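Student: Hi, could we go through this one together? I'd like to look at some helix packing and then at the chain contacts.

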Amino acid sequence: MFSNFHPNPVTLLAYTIYLSFAGALLQVVLPKGKNSLSRWLALGTAVAGLAIGVVAFATSIGQGLVTIIDVPWVPSMGIHFLLAADGISRVLVLLTGLAAVAGVLFSWNIERRVNAFFAFFLALIGGVYGVFLSFDLFLLFVFYEIAIVPKYFLIAIWGSTRREYAAMKLALYSFVGSAMVLIGLLAAYATAGSHSTGLVALAHANLSVSFQMWCFPLVFTGFAILAGMWPFHTWAPTGHVAAPTAASMLLAGVVMKLGAYGCLRVGIALLPHGLDPWGFSFIGIGSWRDVFAVLAVIGIIYGALVALAQTDFKFVIGYSSVSHMGFVLLGLMTLNQIGMTGAVLQMFSHGIIAGLLFAIVGRIVYERTHTRQLAELETMHLSKRLPFAAWAFVIAGMASMGLPGFSGFVAELQVLIGSWVANPWWTAAAGIGIVVGVAYTWRALQKAFFSDVPVHAHDHPHENGHAFAAITWPEVTGVTLLAGVSLAVGIYPRILLDTIEPAVKALLAGGAQ
Amino acid sequence: MNYSDLFRVTLPETMLEIAALLVLVADLAFLRKAGLKARVFSAILFGILGCGAAFWALQYSAGSGYSFDGALVLAQGGTALVAQAGILVLTALTLLILAGEDFTRHIGEFVAVVLMAAAGGMIVASAQDLLVIFVGLELLSLGLYILTAFAKTSGKSAEAAIKYYLFGGMSAAFLLFGFSYLYGLTGSTNLVEIQDALLSQGPSPLLYVAWILVVAGLGFKVAAVPFHLWAPDTYEGAPAPAAAFIASVSKVASFALLITIGASWHSIFQYSFNGDSGEYLRRLHSYAAIWSSTAAILLVVAAASMIVGNLAALAQVSVRRLLAYSAIAHAGYMLLGIATLPHNLTSPAIFIAAFNRILGANGTSNAVLYYVLTYGLTTIGAFGVVAVVERATGSDRMDSFLGLHKRNPVLAAVLLILFLSLAGIPPLVGFWAKFNLFAAVLGVSAGPIPFALVALAVAMSAVSLYYYLQVLKRAYVMPAVDETPIKTHPVTLLVLVAIAGAVVLAGVFPTLLQGWIEAAYR
């Protein structure tokens, strides 16, 4: 009876969304006080999502765009509940699964309103899965906006430094960005004849060049705000610092990638003529492509330089996220195979690495030392008292710097090669960013863990002089998972590149595939 | 004068009036000695039964309207049917919110006035004649003035009622004056005949004066800028069920009226198949000339309402005033839908196609109706929550909501859903209503001005998230000052949960309500 029943495992990907939201709902109805049950259920939900992502990824290598589900939602307007996955989506779904599992692991010590925390967390994860898997523009937008509200509450309730301000700033910046995208969406839908909101249909709708010329920067900027493009990035460091560890990991790791993904899937794929030369050029800038590439490069250098000047450990990581996202946006603007492949790989790589960095700084160091000020950490000699954290940060720092052997190197190298082909000056400037990246990472590493400042008993008002709490199993598991993935991809990048490259090729060839 | 036809068409209104009388009789004659609870129960029960009977009676009135001397006086089907059904449902919900309220002992009178005002709203929604419009509007408005003043022990209630009444009286005078000019220009009070005459005459200065006066009168009803100044005080002072009624039913009736006035230029089409193409083109150009300036006035009012409503709400500390300014902003979005003009008037075929989009499926009138119905539903829920918190804490300031998630988690969840829907967050119905409306506006008319206004509307929507989050922040994030649980009347809680559920359901499955509205047009 079941001999004909061969569902494509990729179609299981829809369950990542459903399970996450179901898990969130389950957390809401759980009786209060059952913290342990809440944690394990959340972990189970996250692991289930990861497992589905891995299975779908493994069984679909070599396949192009796979439609998962296509149900008419509002038939009279051509809106469909259309989920589909190409190589880029599958890689990013994998990233989300990893970030979700790591996030739950690093939130194991939360004691206050645990149900609500994991409910918002899982709702955010569900929204993120939804964006990566949507192939209908309206549906993509719905999931994109669904992700905004949980972010606000996660930061406002469980955050630290200036959390209410940071949460509101993040929510409003994200909402303004999505408002810009909505205007572009409505304009594109109406101009294409109001027949359909499917990405494939809109890509083939032959929108006029003049329309694309104004719609592209609007939509791209709207998404790029969430991707942390300079000068709209200021919500990111504030928000990441204020957020609780798991939320920072998700925000820097995955949510910023939502913006970059939108830039790629909606901006570049649907409105490619928006990147055409204008016909005139001003100080070397002759198209929106040049504009956004320059902004990306500025972001790389600016983020790195500002990170170098920070006194708060978490701010260093926050600004480094802005800098690394600049590489993603630069890669997207190269508009060639290798640069854009590098951009997608950098999305994955930075997602893992940022998660790892925030986990170390937030959960492992801050929860024990109760300070993030580098000046105070200098006096604590954490390399002796928290050796696990020190070594974890060495590994994470190497990955973040772009050292060969880790995923960041492969990604950044491809972006730089791609941008050299497009415009050598961008590469030169981005190269400066890499050098400064080494500087701020080493500075933070040295100050926080390996400093030579002598210990004075009265210098640590925050810690009680005893040994720090032992490293717990969720922390070890989380660090191993993330560092291991980054190392694996760094040593054998083909596991991901084999999936990304064909998808990028198809996207460059004819709009959304 | 066909009285049986008139009776058939006004059967729903008659049901409401009978129910009002029954409520009064039961309360004044039989329940004088009974406790307040029994009287509230009986009044609400009769009220709901009346609404149900009127809903059932809609099937008889639908089909064909009532005509006097060959001219349609009361329409049925289409806009009228949808609006009337919506009014009845929203009235029933308002009555249910009344359970547990203690602002007055004269519960029978309150419910009777609500029902009579609802009957006025029904007449407004189906009126096709200037005089009938005025009668309906006055019946609705007088009821609303009385309802606003019902909390006799509250000074604010009396103040709000006086302000509302004075404003309303002036606006009614303006409206009647504008109507008299329209009569003077065209010699008829029937909407279709007026439009017919105006199209053959073409634009004239007197027409613009008349139109401005009419916009002043109707703009007051929907709380559009600059006729909005009554709204914050009225929403603040009126008892919660009255404010909910004003914010929902009165808006539905007024927008149905605006749709009737703005979109029913049927007579153009009379000439399209008579072979009289010269006359047709002349009327087409007349239409363009008239409607482009009248629409421009509506667009200005819409833009101003969006801007003033959202920006003023940012500064509010009282949640009721916040809801009032947000009502002004939402009225702005809806007026954008009313003001849409088919962009391409160069050829009759294109015009007809665009015009059919206004009237037909996915047209702006459908979208406006969808928006106002769902907005009314959400607002009733919002006022229900505010009423409960007010009763428990004594004030409606934002800080009374502190720690609501601990004091009554279900109420806090309902508040979360309703306010996020008002802000336009998917997958709630508020987002779909906005998207539908803006897509419809852009689908009918393309060009820089509609795009710019839709962009303005979306931008203002983004601004609105801030002030809704301020209240939600108090409810969920900030520490509570007082952690005693807040009790709600079980009926109130049930109704609020049902409204929140409907908001989520209609947002996730938009075709449910949308399909029903489209079916009513066929």
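**Helix packing and the chain interface**

Student: Which way does helix 4 of chain A cross helix 6 of chain A, left-handed or right-handed?
Tutor: In this predicted model, helix 4 of chain A passes helix 6 of chain A in a left-handed crossing.

Student: And what's the angle where the axes of those two cross?
Tutor: Roughly 150°, with the axes of helix 4 (residues 114-133) and helix 6 (residues 148-158) of chain A coming within 9 Å. Angles over 145 degrees count as roughly antiparallel, so that is how helix 4 of chain A runs relative to helix 6 of chain A.

Student: Nice. Which residues make the contact?
Tutor: From helix 4 of chain A, they include A:Phe117, A:Phe120, A:Phe121 and A:Leu124. Helix 6 of chain A brings, among them, A:Lys151, A:Phe153, A:Leu154 and A:Trp158.

Student: Switching topic: how many residues does each chain put into the contact between chain B and chain A?
Tutor: Chain B gives 39 residues and chain A gives 33. About 3100 Å² is buried between the two chains, and carbon and sulfur atoms account for 81% of that area.

Student: Which three residues of chain B supply more of its buried area than any other three?
Tutor: That's B:Phe435, B:Leu469 and B:Val477, with 18% of the area chain B buries against chain A.

Student: How many salt bridges are there across the interface?
Tutor: One, by the rule used. B:Lys473 pairs with A:Glu164 in a salt bridge, and their closest N and O atoms are 3.3 Å apart.

Methods
Residues numbered from 1 in each chain as written. Chains lettered and ligands numbered in written order. Predicted model: local features only at pLDDT ≥ 70, side-chain atom pairs only at ≥ 80, totals over all residues. Heavy atoms only, no water. Axes fitted to C-alpha atoms, helices over the stretch in contact; angles between N-to-C directions. Helix = DSSP H or I, 4+ residues; strand = E, 2+ residues; numbered from the N terminus. Parallel < 35°, antiparallel > 145°, perpendicular 65-115°, else oblique. Left-handed = near helix turned anticlockwise from the far one by under 90°. Contact = heavy atoms within 4.5 Å. Buried area = accessible area lost by both parts, 1.4 Å probe. Salt bridge = Lys/Arg side-chain N within 4 Å of Asp/Glu carboxyl O.
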